[in-house]
Amino acid sequence: MTVAVIALAAAGCGKSSNESSGSSSESGKYSGKGIGLAYDIGGKGDQSFNDAAFAGFQKAEQEFKIGGRDVEPNDNESSADKVQRLEQLAKAGYNPVIGVGFVYGPAVKEVAAKFPKITFGIIDDATVKAPNVADLVFHEEQSSYLAGVAAAKATKKNHIGFIGGVDIPLIHKFEAGFDQGARSVNPKIKIESQYLTQTPQEGGFSSPDKGKDAANGQIEAGADVIYHAAGLSGQGVIQSAAEHKVWAIGVDSDQYKQSSLAKYKDYILGSALKNVGGAVYDLTKSVVEGKPLSGEVRGDLKSGGVGFADSNPKYQAMKDVVAAVDKAKQDIISGKVTVKTQ
């Protein structure tokens, strides 16, 4: 069972900010300079959330023959830094300008008001309401439910774990869906749960060492399948799982296919997918075609905006697990199952 997620190309390569030339699409309707993309904490090379956005950025550049500039965040930066970054992209003529991650909410709201003719996008935030802003959000709880079903079917100890990067409502959705999915298989299953930090500034999404330490603790406690929603920190979770020869479940991108995780891939059961790349591509396409998206644009299982990656042949060989996940997907799409968000 798959979701149409844009394949990554050369993820993590390049400089801290990248600019390519090009100014008009083949259709001739587009007059902007290209796509402006501002990364979230962890930056490009996280093999997860930011890299998924980069994949959509690359695909849009290539297909529409337009330029683009992607810009990295700084450590411990302020909201003013984010405002300045988005303003620079807008002033330079990039359109759309996309903030990758909810942390850009206040900055997108402020800058979009100053540049009404530019379309802005923000991923994982639905609070910015303006005619030139598209809120690119997802039903993360639905893909996490599938991860929970897979974990509960694959565990040999009836003991699994969840590791969230930061203790915030967005990540609570991942945990809620995972718990519900697992308990739909086994109501008595034991679930370890841990958040790495209370705020993004403390490194919850950007510290593989924190992820590894948390996973080590959950595995020592008895968990043999661990699902992370922790961005770059999740690389440490996956490394720990591989070293202990237990299952990890990735997030956002198909982490089984990520080059930097190749030596651990046999222990990546699957990944709860969020088609961030598709959202970046779709918003760019709408601007290039002269019909820019605005308002809330939410991806779900039915639309292919979220899903569960089945790239690992070892997962595909577990016919009972695959069947259970497929049934859960259909139950959610049909409305038979409603997934909780907290």
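Predicted model: local features only at pLDDT ≥ 70, side-chain atom pairs only at ≥ 80, totals over all residues.
Which helix or strand gives the most to the lining of the largest cavity?

Let me begin with the cavity itself. The count of cavities of 30 Å³ or more comes to 1. The largest cavity holds about 190 Å³ of space. Its lining is made up of 19 residues, and those closest to its centre are Phe49, Ile171, Phe205, Gly231 and Asp252. Three elements each supply at least two lining residues: helix H1, residues 49-64, helix H5, and strand S10, residues 247-252. To answer the opening question, H5 gives the most, with 3 residues.

H5 also leads us to the next topic. Helix H5 spans residues 169-185, and together with strands S7 and S8 it makes a right-handed β-α-β unit. The two strands of that unit, S7 at residues 159-166 and S8 at residues 190-197, pair in the parallel sense over 7 bridges.

I turn now to individual residues, starting with Asn95. Asn95 is placed in strand S4, which covers residues 94-99. Its relative accessibility is 13%, and Asn95 therefore counts as buried, the cut-off being under 20%. What does Asn95 contact, once neighbours within four places in sequence are left aside? The partners are Tyr30, Gly34, Lys117, Ile118, Thr119 and Val287. With one of these, Thr119, there is a polar contact: the side chain of Asn95 reaches the backbone nitrogen of Thr119 at 2.9 Å. Asn95 and Gly36 are 59 residues apart along the chain, yet their C-alpha atoms are separated by 6.5 Å.

Asn216 lies in helix H6, residues 208-220. At 17% relative accessibility, Asn216 also falls under the 20% cut-off, so this residue counts as buried. Apart from residues up to four places away in sequence, Asn216 touches Ser240 and His244.

Finally, I would like to consider Leu273. This residue is found in strand S11, which runs over residues 268-274. Is Leu273 buried or exposed? Leu273 counts as buried because its relative accessibility is 3%. In sequence, Leu273 and Lys114 are 159 residues apart, and in space their C-alpha atoms are 34 Å apart.

To close, I would return to H5, as this helix joins two of today's topics: H5 belongs to the right-handed β-α-β unit with S7 and S8, and H5 gives the most to the lining of the largest cavity.

Notes:
Residues numbered from 1 in each chain as written. Heavy atoms only, no water. Helix = DSSP H or I, 4+ residues; strand = E, 2+ residues; numbered from the N terminus. Buried < 20%, exposed > 50% of the residue type's maximum accessible area, 1.4 Å probe, protein only. Pairing = 2+ DSSP bridges. Right-handed = clockwise from strand over helix to strand, strands pointing away. Contact = heavy atoms within 4.5 Å. Polar contact = N/O pair within 3.5 Å; in protein donor to acceptor, adjacent residues only side chain to side chain. 1 Å grid on protein atoms, 1.4 Å probe; cavity = no way out; pocket = protein on both sides within 12 Å on 5 of 7 lines; lining within 4 Å. Points joined across faces, edges and corners; volume = space filled by probe spheres on them.
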